[in-house]
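Please look through the model below with its sequence alongside. The paragraphs after it go from single loop residues to the ligand sites and then to a helix and some distances.

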Amino acid sequence: MKLSEILLLGKLIGACPEGEFKLSGMKECRPYLTCEDINDIKIRRKINSGMSKMVLHAKWKGHSLAYSIPNKNYPDRMGDFRHNASMLKKLQSKHVVKLVGQCEDALLTEFHEQGTLGDFVESSAVYKEMNLRERFKLAHRYLEILGFLHDSPAGTRVMCDTNMVKGTVKQYLVTKDNDVVVNDLDDLRLVENGEMEGKICGHAEFLFSRPDILGENFLAPEQRPSKTRRTISDMPILNEKIDIYKVPAITAYLLGDAEGHNDIMDLLAPIHQACLRENPSKRPSAGLIQKAYSKVLSRF
Ligand SMILES: Nc1ncnc2c1ncn2[C@@H]1O[C@H](COP(=O)(O)OP(=O)(O)O)[C@@H](O)[C@H]1O
Ligand SMILES: [Mg+2]
């Protein structure tokens, strides 16, 4: 495809050229905001904070933004904060929260009022009213995003900051049309030749001291200690198949108590059994699971 055709296609689907953004209500794409625009940005209340970021609500020309700065209480997470910024830039697409700008270490992204996918399931009235099909669509989107990350413009990427179901779904946001985008890319690792950078997921020594995490049985078996794996140095090198092992638990969580939960889980049982295989290389790809999900979705 010629460059002019790519640009035209981008315009048609509402995508902006690299380095530019467009929020709903804006007619044209414009370059990312920089320190020069800081006078037009009004910082309001604090939204939330995690280990790496403090997130505040901000306004720019009537648009709501999330303004993230490094969390001063955890200076050793600065590297994670910067990694997130770099990943957001590289992976801009319909699967990832929109980057709007950057001023030194402050990062501006599109604000999503419905909050994280985890908060949405836990406490949103909109979620409570969702039927089985609508909730299953959330799981389908989750799979689509995993598929994108596993075959992304920045290589095969795996979500490491995913120790428990509730923490994992809090790395995603729900848009106003109940779509899902990935937001927290602090610990998104590269997999090359089947081996993940850093070998094991973050701060693994911490996992060994957390019976609540290990007790949830959410982690892939290769991430857990066993009789033959008592120390960190015994742990095998991970890859993106840790994300696949976690899919059935995430889907069950997203379906919640909707009527028909068990019927849909029964239909998904064959593909879910494949996701739960002990041997990571025997687990299906995100794309394959998504196909199985699409088939089930078409029956509801
Ligand atoms: N764009 C956004 N819109 C709405 N809420 C957000 C947005 N970005 C972050 N948040 C809120 O801030 C919290 C922390 O953000 P996150 O990127 O997960 O930081 P950390 O890396 O510190 O965990 C999220 O759990 C969410 O509640
Ligand atoms: Mg987070």
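**Loop residues with positive phi**

N217 is partly exposed, with a relative accessible area of 49%; partly exposed covers the range between buried (under 20% relative accessible area) and exposed (over 50%), computed with a 1.4 Å probe and protein chains only. The model is predicted, and local features need pLDDT of at least 70, side-chain atom pairs count only at pLDDT 80 or more, and totals for chains, interfaces and linings use all residues. Residues are numbered from 1 along each chain as its sequence is written, chains are lettered from A and ligands numbered from 1 in the order in which they are written, and side-chain values use heavy atoms, with hydrogens and water left out.

N217 sits in the loop between α8 (211-215) and α9 (241-245). Helices (H or I, at least four residues) and strands (E, at least two) are DSSP runs, numbered from the N terminus. The phi of N217 is positive, near 55°, in a residue other than glycine. Most residues other than glycine have a negative phi. N193 is another non-glycine residue with a positive phi, near 50°. N193 belongs to the loop between β11 and β12 (195-196), and with a relative accessible area of 81% it is exposed.

The loop between α8 and α9 also holds M235. Is M235 buried or exposed? M235 has a relative accessible area of 11% and is therefore buried.

**Ligand 1**

Which residues come nearest to ligand 1? Of the 17 residues around ligand 1, these are G50, K53, E110, H112 and D184; a residue counts as near if one of its heavy atoms lies within 4 Å of the molecule or strand concerned. By class, this shell has five nonpolar, eight polar and four charged residues. Here Ala, Val, Leu, Ile, Met, Phe, Trp, Tyr, Cys and Pro count as nonpolar, Asp, Glu, Lys and Arg as charged, and the others, Gly among them, as polar.

Oxygen atoms of ligand 1 make polar contacts with the protein, a polar contact being a pair of N or O atoms within 3.5 Å; within protein, one must be able to donate a hydrogen and the other to accept it, and residues adjacent in sequence count only if both atoms are side-chain atoms. K53 places a polar side-chain atom 2.7 Å from a ligand 1 oxygen. For N183, the distance from a polar side-chain atom to an oxygen of ligand 1 is 3.3 Å. M51 takes part through its backbone, with a polar atom 3.3 Å from an oxygen of ligand 1.

Taken alone, ligand 1 exposes 550 Å², and the protein buries 91% of that. Accessible areas come from the Shrake-Rupley method with a 1.4 Å probe, and for residues only the protein chains shown count as cover. Why does ligand 1 lie between domain 1 (15-110) and domain 2 (117-298)? Ligand 1 lies between them because both domains give residues to its shell; the domain bounds come from an automatic or database domain assignment.

**The magnesium ion**

Ligand 2 is a magnesium ion, and its protein donors are Q171 (OE1) and D184 (OD), lying 2.1 to 2.7 Å from it. Donors are N, O and S atoms within 2.8 Å of the metal (3.2 Å for Na, K and Ca); water is not among the atoms, so sites may look incomplete. The pair links distant parts of the chain, 13 residues apart: Q171 is in the loop between α6 (165-169) and β9 (172-174), and D184 in the loop between β10 (180-182) and β11 (188-192). Both Q171 and D184 are buried. D184 is also one of the residues that come nearest to ligand 1.

**A covered helix and some distances**

Helix α10 (residues 247-255) is mostly covered, with seven of its nine residues buried. These are V247, P248, I250, T251, Y253, L254 and L255. G256 follows α10 and has a positive phi, near 55°.

Strand β10 contains V180, which is buried at a relative accessible area of 0%. V180 and K94 are 86 residues apart along the chain, and their C-alpha atoms are separated by 9.1 Å. In helix α2 (residues 78-90) lies H83, partly exposed at 23% relative accessibility.
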